[in-house]
Amino acid sequence: MSTFARDPWTEPPIGLLAELTHRCPLACPYCSNPIDLVRRERELSTADWLCVLDQAAELGVLQLHLSGGEPTLRSDLEAIVAHARKLEIYSNLITAGVGVSERRLEALAQAGLDHVQLSVQDIDPEGCDRIGGYRDALARKIAFARAVRRLGLPLTLNAVVHRHNLDRLEGFIDLALELDADRLEVAHVQYYGWALVNRAALMPTRGQLERSVAIVEEARARFGDRLLIDFVVPDYYARHPKPCTSGWGRAVIVVAPDGRVLPCHAAHVIPGLVFANVKDKPLRWIWQESPAFQRFRGFAWMQEPCRSCPRREIDFGGCRCQAMQLLGDPEATDPACSLSPHHTRIMAMADAEAAASPPTFRYRRLEPASSC
Ligand code: SF4
Ligand code: SF4
């Protein structure tokens with residue numbers, strides 16, 4: 001019997017992830033954006049985005065995550081935020097926080113922005129510059145975070161952790177406390193897009209992971225009343241996979257900078273799926289009827305061991321994109337699952353990559369990729 005009180009596959013999406021642009025001043029090697037980035041000339045117009053929001057509200061979307069790339073590079077961000085407010089959709093700005101003046105932030109707050117999520121690449125200034133490929137990033141981020149709090153906006157710090165910064169995890173927690181953040185998300189790298197290309201350069205050791213678990217547990221016990229800490233473990237060392245996007249086509253709808261609509265921002269890695277564009281099709285039709293959104297809804301597509309597993313309603317068999325990337329089969333059990341016949345091999349690969357000296361980063365850029 002299903003553990004769901006209602007049929008979640010027929011419900012509207014809760015969240016819309018609006019990837020406003022792939023342009024970004026940073027060049028993080030852990031970026032999950034696709035290798036084939038969308039160029040500015042192919043981005044949706046302001047009118048297109050306002051129309052997407054109208055349709056999203058009509059569909060029942062409650063939260064708007066303004067992402068990218070760097071969404072503040074869009075000069076129409078205030079108009080998009082104001083439209084979300086008019087439609088009573090909660091808006092969350094996901095930003096790298098460099099090059100955003102206090103005046104701009106104030107304008108966004110006045111337009112109705114509800115929440116800010118700021119990425120911090122490292123708490124060591126040199127490490128921050130090296131990982132983000134951007135000079136003096138940390139000081140700018142700290143100034144930005146202080147401005148967010150001065151304006152009374154809730155703040156989440158997003159710390160993407162890997163072998164190069166994990167040993168400074170306590171410093172990330174101290175920084176979140178010092179900046180009066182409401183929430184700290186400690187997220188081990190998820191290996192999609194540029195992060196997959198850089199996997200061997202980023203993979204932490206099992207020892208680093210174990211220490212990070214202990215540090216987060218201790219910090220939760222000490223600072224739980226002041227700071228909420230979310231923790232995302234690295235897939236390759238997990239026992240069970242993450243319930244990616246809370247189930248395919250179940251809770252989240254992603255609109256790419258050029259208007260393609262995806263169930264997950266990495267879904268383009270699955271061959272054979274055709275993603276409809278908001279310029280051609282209504283959002284409601286895309287969500288409810290398009291073949292790409294139907295493809296992995298429910299449980300009928302599953303193979304064993306997922307098909308008869310009681311956890312299938314918790315993790316939905318894990319991530320389809322990861323199954324495709326690592327096994328070449330999008331219907332396979334996510335190899336992050338310990339019940340997958342490929343799990344041991346994947347863990348051994350992670351151990352081997354973490355033990356070897358890291359290759360140079362391949363930085364995420366619109367122009368041909370560079371390393372340093
Ligand atoms: S991960 Fe880094 S490069 Fe990618 S969008 Fe975020 S800030 Fe930009
Ligand atoms: S076998 Fe499938 S459903 Fe069961 S825990 Fe693993 S991934 Fe989840």
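Where does V160 lie in this structure? V160 sits in strand 5, residues 155-161, and the points below start from there.

1. **How to read the model.** This is a predicted model, in which local features need pLDDT of at least 70, side-chain atom pairs count only at pLDDT 80 or more, and totals for chains, interfaces and linings use all residues. Residues are numbered from 1 along each chain as its sequence is written, while chains are lettered from A and ligands numbered from 1 in the order in which they are written. Helices (H or I, at least four residues) and strands (E, at least two) are DSSP runs, numbered from the N terminus.

2. **Confidence.** The chain has a mean pLDDT of 94, and 97% of its residues reach 70 or more; pLDDT is the predictor's confidence in each residue, from 0 to 100. Over residues 1-6, pLDDT stays under 50. Where pLDDT is low, the predicted coordinates should not be read in detail.

3. **V160.** With 23 other C-beta atoms within 10 Å, V160 is buried. A residue is called buried if 20 or more other C-beta atoms lie within 10 Å of its own, exposed if 12 or fewer, and partly exposed in between, with C-beta atoms placed from the backbone. Leaving aside neighbours within four places in sequence, V160 is in contact with Y30, S119, A187 and V189; contact means that the two C-beta atoms, placed from the backbone, lie within 7 Å. V160 and V232 are 72 residues apart along the chain, and their C-alpha atoms are separated by 9.3 Å.

4. **The nonpolar core.** The largest nonpolar core has 104 residues, of which L157, F172, L184, A195, V254 and V261 touch the most other members. Such a core is a set of buried Ala, Val, Leu, Ile, Met, Phe, Trp, Tyr and Cys residues joined through C-beta atoms within 7 Å. Helix 5 (residues 137-150) gives the largest share of this core, six residues.

5. **L184 and F172.** L184 belongs to strand 6, residues 183-188, and is buried, with 26 other C-beta atoms within 10 Å. Not counting residues up to four places away in sequence, L184 touches L157, A159, F172, I173, A176, L227 and I229.

6. **Helix 4.** In helix 4 (residues 125-132), the buried residues are C128, I131 and G132. Seen down the helix axis, they fall within an arc of 85°, taken from the directions from the axis to the C-beta atoms, so they line one face of helix 4. Helix 5 is included in what covers them. G133 follows helix 4 and has a positive phi, near 65°.

7. **Helix 13.** R320, C321, Q322, A323 and L326 are the buried residues of helix 13, residues 320-327. Their cover includes helix 14 (343-355). After helix 13 comes G328, with a positive phi, near 75°.

8. **The two ligands.** Of the 14 residues around ligand 2, C306, C309, R311, R312 and C337 come nearest. By class, this second shell has six nonpolar, four polar and four charged residues.

Note on methods
A residue is near a molecule or strand if its C-beta atom, placed from the backbone, lies within 6 Å of it. Ala, Val, Leu, Ile, Met, Phe, Trp, Tyr, Cys and Pro count as nonpolar, Asp, Glu, Lys and Arg as charged, and the others, Gly among them, as polar.
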